[in-house]
Amino acid sequence: MEPSSGSRDDGPAVPPVAAVLPAGGSGERLGGATPKQFCAVQGRPLVSYTVRAMERIGWISDIIVVVSPENIETMKSIIEKYGHKRVTVVKGGITRHRSIFNGLKVFAENEFSDHLLQKPEVVIIHDAVRPFVEEDILSKVVMAAKEHGAAGAIRPLVSTVIASAADGCLDHSLERARYRASEMPQAFLFDIIYEAYQQCTDYDLDYGTECLHLALKYCKTNAKLIEGTADLWKVTYKRDLYAAESIIKDNLSQQVCVINDVKEVVAQAGSLLRESLQSQIKVEAMSASLSKNDSHLQNILSGHCYNFVCVNDKKCAIQETQQLVDVLEKSNIPLLYPVVLILVHLDVSENISFSIGMEELTRIKKFARELKKKNILVYGLLIQYK
């Protein structure tokens, strides 16, 4: 269920929801010179995936990314390169809490932004290195924050927590069933969390890490705890980057769009292909000319489908495929993800020799080499279809 603030297109009935993404960490535990939020995953900085996760949700009006002073230009270049919208870059502080406080100040003070942004009713706080957050959990914490003043995602503890004595021996352990791991995202009524940061001590700002605790300590606000999903984990170590890359690859391979024209033999082949694929992945379908279905294609792209199979029986499929490429380039999607196009040419004529089909595939190879430079991967298949 979407928060009652409504979508951007409809116009919010109440002040909007905003998101603050602290991204000022040094990546010390990751190792290496590059902070983890700027490490490349599938050729794209990790922080860009997290920004995109927020950006695709229409009811989030502003996204504040807080980075260390030396990385401000890096973050701005990422925003420009990947076409991110509704994003403001803010200079971070020397600790996590000080960075988050700076991010909140863009809605209340002129010090950290050229102009004040509209103060939201609810603000989401989410780590920039947790790229797999979904709209469902964001909506749940926002709705809970509207009701309770604060809310946060939690997960069961995986390991038992123990405390050691001064001599290094076991002092006591916690009963794991009674405790939970605090995760992100968290959400707050803006006035509550901003007041908490205004009141908290330098010790809290320098050594604290839990935003929910600040709301409780300084505003007497008991946060609602929302059971989160397993994909809320945080990229911390180098092995996590490999895991993130694997998840992204898997997500990209879970959906395909089969495109064919209305000619009977092609439509039949397209239908058989869809039936074959549907038991394995989600399949979208378009059974008409691309030029007449631009809006349908845009809807498919907005559903995060970046794999396409184009079935035709034409001697040259490149011209029609170029229409799809034009739509993809306008959407900037190839900047964000690799796009796969599989061109299936049906040889339905008994009079056309196989060598003509090979000539066609040679042209497709040349076409593919050009598109590969744009992160669009093209493959060609010639099928003798009787």
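**Note on the predicted model**

1. Overall content. The protein has 13 helices and 16 strands. The structure is a predicted model, and 48% of the 386 residues of the protein count as buried. Of the contacts between residues at least 6 apart in sequence, 74% join residues at least 24 apart.

2. Confidence. Mean pLDDT for the protein is 84, with 83% of its residues at 70 or more. Among the elements, strand E6 (residues 122–125) has the highest mean pLDDT, 98, while helix H10 (residues 294–302) has the lowest, 66. Over residues 5–15 the pLDDT falls below 50, although this stretch has 24 contacts in the model beyond near neighbours in sequence. Where pLDDT is low, the predicted coordinates should not be read in detail.

3. Strand E4 and its partners. Strand E4 (residues 60–67) is mostly covered, eight of its eight residues being buried. Strand E1 (residues 17–22) runs parallel to E4 and is joined to it by six bridges; in this pairing Val17 stands opposite Ile60 of E4. E4 is also joined to strand E5 (residues 87–91), again in parallel, by five bridges. Here Val65 has Val89 of E5 as its bridge partner.

4. The crossover from E4 to E5. Which elements make up the β-α-β unit with E4, and what is its handedness? The unit consists of E4, helix H2 (residues 72–81) and E5, and it is right-handed.

5. Packing of H5 and H7. Two packed helices are described by the angle between their axes and the distance between the axes. For helix H5 (residues 190–199) and helix H7 (residues 211–219), the angle is about 80° and the axes lie 9 Å apart. Because angles of 65 to 115 degrees count as roughly perpendicular, H5 is roughly perpendicular to H7. On the H5 side the contact is made by Ile192, Ile193, Glu195, Ala196, Tyr197 and Gln199; on the H7 side, by Cys211, Leu214, Ala215, Tyr218 and Cys219.

6. The hairpin of E8 and E9. Strand E8 (residues 162–164) pairs with E9 in the antiparallel sense over three bridges, and the bridge partner of Ile162 in E9 is Ser173. Five residues lie between the two strands of this hairpin, in which Gly168 adopts a positive phi near 85°.

7. Leu170. Leaving aside residues up to four places away in sequence, Leu170 touches Ile162, Ala163 and Ala165.

8. Backbone geometry to check. Most residues other than glycine have a negative phi, and most peptide bonds are trans. The peptide bond from Met184 to Pro185 is cis, with omega near 10°; Pro185 belongs to strand E10 (residues 180–189).

9. Positive phi outside glycine. Lys220 has a positive phi near 55° and lies in the loop between H7 and strand E11 (224–227). Lys220 is exposed, with a relative accessible area of 66%. Asn375 likewise has a positive phi, near 70°, and is placed in the loop between helix H13 (354–372) and strand E16 (376–384). At 29% relative accessibility, Asn375 counts as partly exposed.

Conventions:
Residues are numbered from 1 along each chain as its sequence is written. This is a predicted model: local features need pLDDT of at least 70, side-chain atom pairs count only at pLDDT 80 or more; totals for chains, interfaces and linings use all residues. Side-chain values use heavy atoms; hydrogens and water are left out. Buried means under 20% relative accessible area, exposed over 50%, partly exposed in between (1.4 Å probe, protein chains only). Helices (H or I, at least four residues) and strands (E, at least two) are DSSP runs, numbered from the N terminus. Two strands pair if DSSP finds at least two bridges between them. A crossover is right-handed if, with the strands pointing away from the viewer, the path from the first strand over the helix to the second runs clockwise. pLDDT is the predictor's confidence in each residue, from 0 to 100. Contact means heavy atoms within 4.5 Å. Axes are lines fitted to C-alpha atoms, for helices over the stretch in contact, and angles run from 0 to 180 degrees between N-to-C directions. Angles under 35 degrees count as roughly parallel, over 145 as roughly antiparallel, 65 to 115 as roughly perpendicular and the rest as oblique.
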